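Trainee: I would like to learn how to read a model like this one, feature by feature. Where do we start?

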Amino acid sequence: MTVSAGPARPGPALRAPEATRSNAVPAGAWWLWALGLATAASRTSNPLLLGLLVGVAGYVVAARRTDAPWARSYGAFIRIGLFVVGVRLLFSVFLGSPIPGTHPVLTLPEVPLPDWAQGVRIGGRVTAEQLLFALYDGARLATLLICIGAANSLANPARLLKSLPGALYEAGVAVVVAMTFAPNMVADVVRLRTARRLRGRPTGGIKAVLQIGLPVLEGALERSVAVAASMDARGYGRTAQVPPAVRRTTNILTLGGLLGVCAGTYGLLATQGAVYGLPLLLAGLVAAMAGLRLGGARSVRTRYRPDRWGARAWLVAGSGAVVAAAMIWAGSADTEALHPGVVPLAAPVFPLWPAAAVLIGLLPAVVAPAPSVVAAANSEESQ
């Protein structure tokens, strides 16, 4: 009797591995990716491209975020973005707009102003053109906030602090505490709302908000005291003895480098300074990096298991840089497609190759290691 071998088994799927402490994408790579998307959003007011950027950021967050507390803040940033759009529209309705329009939507009572307030009005005619311009402008700012929210949801702030140069460690602590305040506050609000719901208490209304606000502030204060105590126990603030000549050289290089970066950036943005802008920017970056390198000699701290930038981390960071570079180049090549006009009223066009460049931002959802339950638990324990 002959036994058939059965159908051949397919080979292993080409997919990213599960994230562990050793192969997780560094926090700096996620921030570079998100800043690339934010740069692209700042270069266009086309609502179709802005919506595509939001979709790309949201898909990557849904595919690669963990269950850590900071990963739950993305929804809050979306709500903040929608609030910004609403405020921008209200300002346009009640304070007017310099955009001329021929399609009136409504007319509000206009408040008379003195002669010294020429050019400013309160109320009056509201046109469809000014509302559309305000919508485009608010959508761009909302997209910037959502891209920053994606970085907050994907990057571990504690690991980002470890990657900073020693000279910026003190400032980095303040930045990391500021970045983690909003995600932790959102996590506290969700936890308290769930507890009130389980006890049969209302979770909406002004009274409920006031009752939830006090425990949230109390938890933030207790967390700050615990962080301060742990930093004091670890000897935070100790510095090594550095010769005065080295300190002066460090200050000169850092200050001169930052001034060079500012002047070089201005030269690149200005038409008349395009010749000296790039060399001055590069020289400023070299001087600033040298100053930070020397300034790190004051820090006596060490790094425990520093993050390693592998091929996947460079692909994540590079995808955001490619999106930003493509959108900057598209802004000079096809300005009308990236900044649709509102006078006369016309539907925005969908530029194909800038949209294809934005889709490169989806690369982290494929190459970054997939989150696992073990990795999420480890990330929570590291806080």
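Mentor: We start with the elements: helices (H or I, at least four residues) and strands (E, at least two) are DSSP runs, numbered from the N terminus. By that rule, Pro-202 sits in the loop between α6 (169-198) and α7 (206-233). This is a predicted model, in which local features need pLDDT of at least 70 and side-chain atom pairs count only at pLDDT 80 or more, while totals for chains, interfaces and linings use all residues. Residues are numbered from 1 along each chain as its sequence is written, and side-chain values use heavy atoms, with hydrogens and water left out.

Trainee: How many helices and strands does the protein chain have?

Mentor: There are 14 helices and two strands in the protein chain.

Trainee: Is Pro-202 buried or exposed?

Mentor: Buried means under 20% relative accessible area, exposed over 50%, and partly exposed in between (1.4 Å probe, protein chains only). Pro-202 has 56% relative accessibility, so it counts as exposed. For the protein chain, buried residues make up 35% of the 383 residues.

Trainee: Which residues is Pro-202 in contact with, leaving aside its neighbours within four places in sequence?

Mentor: Contact means heavy atoms within 4.5 Å. With those neighbours left aside, Pro-202 touches Arg-196 and Ala-208. Over the protein chain, 79% of the contacts with a separation of 6 or more are between residues 24 or more positions apart.

Trainee: What does a residue in a helix look like by comparison? Take Thr-143.

Mentor: Thr-143 belongs to helix α4 (residues 128-154). Its relative accessible area is 3%, so Thr-143 is buried.

Trainee: What lies 2.7 Å from a polar atom of the Thr-143 side chain?

Mentor: A polar contact is a pair of N or O atoms within 3.5 Å; within protein, one must be able to donate a hydrogen and the other to accept it, and residues adjacent in sequence count only if both atoms are side-chain atoms. For Thr-143, the atom at 2.7 Å is the backbone oxygen of Ala-139.

Trainee: And Gln-130?

Mentor: Gln-130 is also in helix α4, and it is buried because its relative accessible area is 2%. Leaving aside neighbours within four places in sequence, its contacts include Ser-92, Val-93 and Arg-121. The C-alpha atoms of Gln-130 and Val-342 are 7.9 Å apart, although 212 residues separate them along the chain.

Trainee: Which peptide bond is cis?

Mentor: The one from Val-343 to Pro-344, with omega near 0°. Pro-344 is in the loop between α11 (335-338) and α12 (352-358).

Trainee: How many disulfides does the structure hold?

Mentor: A disulfide is a pair of cysteine sulfur atoms within 2.5 Å, and the structure holds zero. As for individual cysteines, Cys-147 is buried at a relative accessible area of 1%, whereas Cys-262 is exposed at 53%.

Trainee: Where does Phe-94 lie, and is it buried, exposed or partly exposed?

Mentor: Phe-94 lies in helix α3. With a relative accessible area of 44%, Phe-94 is partly exposed.
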